[in-house]
Amino acid sequence: MTYRQTLDWMFAQLPMYQQKGKSAFNAKLDNTLAFAAHLDHPEKKFKSIHVGGTNGKGSSSHMLASVLQEAGYKTGLYTSPHLKDFRERIRIDGKMVSEKFVVDFIQTNQSFFEEHRLSFFEMTVGMAFTYFAEKMVDIAIVEVGLGGRLDSTNIIVPEVALITNIGLDHVDLLGDTLAKIAFEKAGIIKENIPIVISEYQNDTAEIFERVANSKTAKVIYAEKSLKKKYKTSLLGNYQKKNVNGVVAVLQELQGFEVREEHIVDGLLNVTQNTGLMGRWQMMRIEPKVVCDTAHNSEGLALVLQQVAQQDYDRLHIVLGFVKGKNLDAILPLFPKNAEYYFCRPDIPRGLDVEVLQQNAKAFGLKGKCFTSVGNAYNAALQNADVGDFIFIGGSTFTVAEVV
């Protein structure tokens, strides 16, 4: 198969949470463990940092990778989902895995996938871990896909683990309270491995401490322990909280020489070093256009606060969601004084644009429906004057169509 045919087979044959939702969430690690054994346990052949949480885990993972690259270490990075190319998920020193490796890995293991009915994510985790082991990375930053306790990445034993924060996302899978979700995220805490928490939250601290105590794991609350403030090239105001967690992790990391200048330079060169996209990403200056992948109420609240701080004559918002979001919690966060361009991201789980428009109307948000994200964005550009501001968001998949 060609690379394109390989991807088509992966997406068509294997359940993927981003495409199919709850039906693709496989709530046990049996398949992952069986696949790891089949692959001769690549997860045991490299050191790692495990990164979980509701918001900020992707940005934090890229920051950690950038700093360790600056320190001269061969650094793997596994994140999800991708925006443009599947290979964004698996990188070493910012460079994506080769198309040939993806094709060869799938062909070599295809009979195993079909026999054991592996999910898209289980297969991809095995691919990433095999790649990192074969390329002999010094360390890999591994982002949790969904939850933590039962996530396929949770077969690693990291040097340090990081949980950024807890918010009400994927409540159908992880639980409908912060405490229930925190318990799932706390599943990445391992015996005697330090756990850093980027943001202290009253509703979740007791859960983290209880799980950590049961595993004699040291708990570090980054915003309480860090005195010095660092800057990052990532533009969102919300990144300040992520930076705290990243620096605290680096302070706990043993056996690696990471100096102050590595931290400073790494945080200031995240995009150049790792290829991160979609976090308060500036796409144009006149009119100013920004996109952001925030897609739950906690993340969007922070992003929309930053939108409100911008200087503009008129505000235009290109908005598209996936199904299953709590629109009653999300839509009230959006400003009524904006012109909306409603659209549906081009995936099976994309929320019907007329449904979005009707729900938005109930909260005083007015705008037109468009047949695609691209058409909505083009209409916003045509309507906007030089002094206007255009924001594109609501879903990772909405942003993926414009970056």
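Start your tour just after helix H9, where Thr216 takes a positive phi of about 45°. Helices (H or I, at least four residues) and strands (E, at least two) are DSSP runs, numbered from the N terminus. This is a predicted model, in which local features need pLDDT of at least 70, side-chain atom pairs count only at pLDDT 80 or more, and totals for chains, interfaces and linings use all residues. Residues are numbered from 1 along each chain as its sequence is written, and side-chain values use heavy atoms, with hydrogens and water left out.

**Stop 1: Thr216 and helix H9**

Keep Thr216 selected. It has that positive phi although it is not a glycine, and its place is the loop between H9 and E8. Is Thr216 buried or exposed? With a relative accessible area of 51%, Thr216 is exposed. The cut-offs are these: buried is under 20% relative accessible area, exposed is over 50%, and partly exposed is in between (1.4 Å probe, protein chains only).

Now step back into H9 itself, residues 202–214, and colour its buried residues: Thr204, Ala205, Ile207, Phe208, Val211 and Ala212. An α-helix has 3.6 residues a turn, so residues three or four places apart point the same way. To see what covers the buried residues of H9, show strand E6 (160–163), helix H8 (178–185), strand E7 (195–197) and strand E8 (219–221), which are among the elements there.

**Stop 2: Asn192**

Next, select Asn192, in the loop between H8 and E7. Its phi is near 60°, a positive value in a residue other than glycine. Asn192 is exposed, at a relative accessible area of 55%.

**Stop 3**

Move on to helix H11, residues 239–252, and pick out Asn244. This residue is buried, with a relative accessible area of 11%. Which residues does Asn244 touch, not counting residues up to four places away in sequence? Show Ala222, Glu223, Leu226 and Lys229 to see them. Contact here means heavy atoms within 4.5 Å.

Leaving aside neighbours within four places in sequence, Lys241 is in contact with Ser198 and Glu199. For a view across the model, draw a distance from the C-alpha of Lys241 to that of Val386: the two are 145 residues apart along the chain and separated by 32 Å.

**Stop 4: Asp93**

Select Asp93, in the loop between strand E3 (90–92) and strand E4 (95–96). At 34% relative accessibility, Asp93 counts as partly exposed.

**Stop 5: two cis peptide bonds**

Zoom in on the backbone between Ser80 and Pro81, which are joined by a cis peptide bond with omega of about -10°. Pro81 lies in the loop between strand E2 (75–78) and E3.

Then jump to Glu286 and Pro287, also joined by a cis peptide bond, with omega of about -10°. Here the proline, Pro287, lies in the loop between strand E9 (281–284) and strand E10 (288–291).

**Stop 6: helix H14**

Select residues 297–308 to show H14, a helix of 12 residues. From its first C-alpha to its last, H14 reaches 16 Å, close to the 16 Å expected; the expected span is 1.5 Å times one less than the number of residues. Which residues of H14 are buried? They are Ser297, Gly299, Leu300, Val303, Leu304, Gln306 and Val307. These pack against strand E11 (315–319), helix H15 (327–330) and strand E14 (389–393).

**Last stop: the whole protein**

Zoom out to take in 18 helices and 14 strands. The radius of gyration is 21 Å, close to the 22 Å that the globule rule gives for 403 residues, so the protein is as compact as a globular protein of that length. That radius is taken over C-alpha atoms, and the rule is 2.2 Å times the number of residues to the power 0.38. Along its principal axes, the C-alpha trace spans about 55 × 55 × 40 Å. Colour by burial to finish: buried residues make up 59% of the 403 residues.
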